[in-house]
Amino acid sequence: MAVDSFPAKARKISANIGAHYVDKARKLPWRSPPGSNLPDPYHVWLSEVMLQQTTVGAVKSYFEKFTRRWPTVQELARADEADVMAAWAGLGYYARARNLRKCAVHVTDILDGRFPQKESELLQLPGVGAYTAAAIAAIAFGERAVVVDANIERLVSRLFAIDTPLPRGKAEIRAAMDRITPKHGAGDFAQACMDIGATICTSKNPKCEICPVQEQCAAHALGNMEFFPVKPPKKTKPVRRARFFWVEQQGRILLATRPPKGMLGGMRALPDDGWAAGNDGHAKPPMAGKWQVHDNIVQHSFTHFSLEVDLAVYQDEKIATNKDDNIWWALDQIAEAGLPTLYAKAVRWKLKEKK
Ligand code: SF4
């Protein structure tokens, strides 16, 4: 079904969503209240990078931790990369953390500590894609930019019953969002749409009875809300295998720093078999000796594949390892090592097994 083209409907949607936000805006640590001064661009940028592929609930504590430790973009630019990676641990999609620091350095060194204001200029920053550039331009600088995240995609596809399957349908959804985005207050409007998408127009069981745009909603009129947005057929993810190595000595375990490039690059982790490069979990252990292998102790899902992890535990008493990149880490302080979630899961499995 084509997006209908009645400007009156667009105006009504825009007005109802705007009015709803005045009363019902979610209070989030990176936001300014509706209609007040524009928020700090550093906060908007940081939160938007964290929110890519991650829920608001998971991001809040990380945002607070980062802004406490690095209150300005200049301070983040001067931070040690390993510290930033460790502080990011658990949030996933670690390329974002590397780009975060790169972008902070760029803004500090090249742009004199000031974020550019225009969507087109923001797009040039490391790690800033189309969505993030539009969100920062609208929310932090009041530019009329068209912001479409997953919540807005769902809301708008339902409002206009856009049935072109994703990702082809994205262009139609964006065009519809363009038509309902007001000239002024595009930032508040985008955040209002995000809120409605996250809390009312949810994937399952949308709460149409309390929705401020129920009367204008084409999907509601059709009685087929969950049909939209139309998803492409699901592909099954390939499964890879990995093997992690557990070497323990006097209450400490052996960790290694992952290579700087590639998945989870530069992060501390258990030694492994190089699974990220496509190995099948059977590479040589970091030292000769007796190993006991526990199969498939952890399953983890990445965007393009799933990973099943075996844990090989070193059984000999004597440990012969002198490699420079070895780190012995006290097990009772393992929470401070900043291990990525995948490795933290394996550590938790092993510690539970010991009890
Ligand atoms: Fe979503 Fe229902 Fe509101 Fe339509 S009426 S926008 S389906 S919550």
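## Cavity, pocket and helix packing in a predicted model

About 110 Å³ of space lies in the largest cavity of this predicted model, and the structure holds one cavity of 30 Å³ or more. The largest pocket has a volume of about 1,600 Å³. Because the model is predicted, local features need pLDDT of at least 70 and side-chain atom pairs count only at pLDDT 80 or more, whereas totals for chains, interfaces and linings use all residues. Residues are numbered from 1 along each chain as its sequence is written, and side-chain values use heavy atoms, with hydrogens and water left out.

**Cavity and pocket**

- On a 1 Å grid over the protein atoms alone, a cavity is a set of points where a 1.4 Å probe fits but cannot get out, while a pocket is an open set with protein on both sides within 12 Å along at least five of seven lines; lining residues have an atom within 4 Å of a point.
- Grid points are joined across faces, edges and corners, and a volume is the space filled by probe spheres set on the points.
- The largest cavity is lined by 14 residues, and those closest to its centre are Arg158, Cys201, Cys208, Cys211 and Cys217.
- Helix α9 (residues 150–159) gives the largest share of the lining of the largest cavity, namely three residues; helices (H or I, at least four residues) and strands (E, at least two) are DSSP runs, numbered from the N terminus.
- The lining of the largest cavity comprises ten nonpolar, two polar and two charged residues, where Ala, Val, Leu, Ile, Met, Phe, Trp, Tyr, Cys and Pro count as nonpolar, Asp, Glu, Lys and Arg as charged, and the others, Gly among them, as polar.
- For the largest pocket there are 45 lining residues, of which Gln53, Asp149, Ala150, Glu153 and Lys170 lie nearest its centre.
- At least two residues of the pocket lining come from each of α2 (41–51), α3, α8 (130–141), α9, α10 (170–180) and α11 (186–199), and the largest share, five residues, is supplied by α9.
- The lining of the largest pocket has 20 nonpolar, ten polar and 15 charged residues.

**Helix packing**

- Axes are lines fitted to C-alpha atoms, for helices over the stretch in contact, and angles run from 0 to 180 degrees between N-to-C directions; contact means heavy atoms within 4.5 Å.
- The axes of helix α3 (residues 56–69) and helix α5 (residues 81–88) come within 10 Å and cross at roughly 155°, which means that α3 is roughly antiparallel to α5; angles under 35 degrees count as roughly parallel, over 145 as roughly antiparallel, 65 to 115 as roughly perpendicular and the rest as oblique.
- The crossing of α3 and α5 is right-handed, a crossing being left-handed if the near helix is turned anticlockwise from the far one by less than a right angle, and right-handed if clockwise.
- In this packing, Tyr62, Lys65, Phe66 and Arg69 of α3 meet Asp83, Val84, Ala87 and Trp88 of α5, giving a contact with five nonpolar, no polar and three charged residues.
- For α5 and helix α6 (residues 95–109), the axes come within 9 Å and cross at roughly 140°, so α5 is oblique to α6, and the crossing is right-handed.
- Glu81, Val84, Met85 and Trp88 in α5 meet Arg96, Ala97, Arg98, Leu100 and Arg101 in α6, and the residues of this contact divide into five nonpolar, no polar and four charged.
- The axes of α8 and α11 are 7 Å apart, with the helices packed at an angle of about 125°, so α8 is oblique to α11.
- Tyr131, Ala138 and Ile139 of α8 make the contact with Ala186, Gly187, Gln191 and Met194 of α11, and by class this contact has five nonpolar, two polar and no charged residues.

**Backbone features**

- Most residues other than glycine have a negative phi, and most peptide bonds are trans.
- The peptide bond from Leu166 to Pro167 is cis, with omega near 0°, and Pro167 is found in the loop between α9 and α10.
- Ala161, which lies in the loop between α9 and α10, has a positive phi of about 45° although it is not a glycine.
- Phe228 and Pro229 are joined by a cis peptide bond with omega of about -10°, and Pro229 is found in the loop between α12 (218–222) and β1 (239–246).
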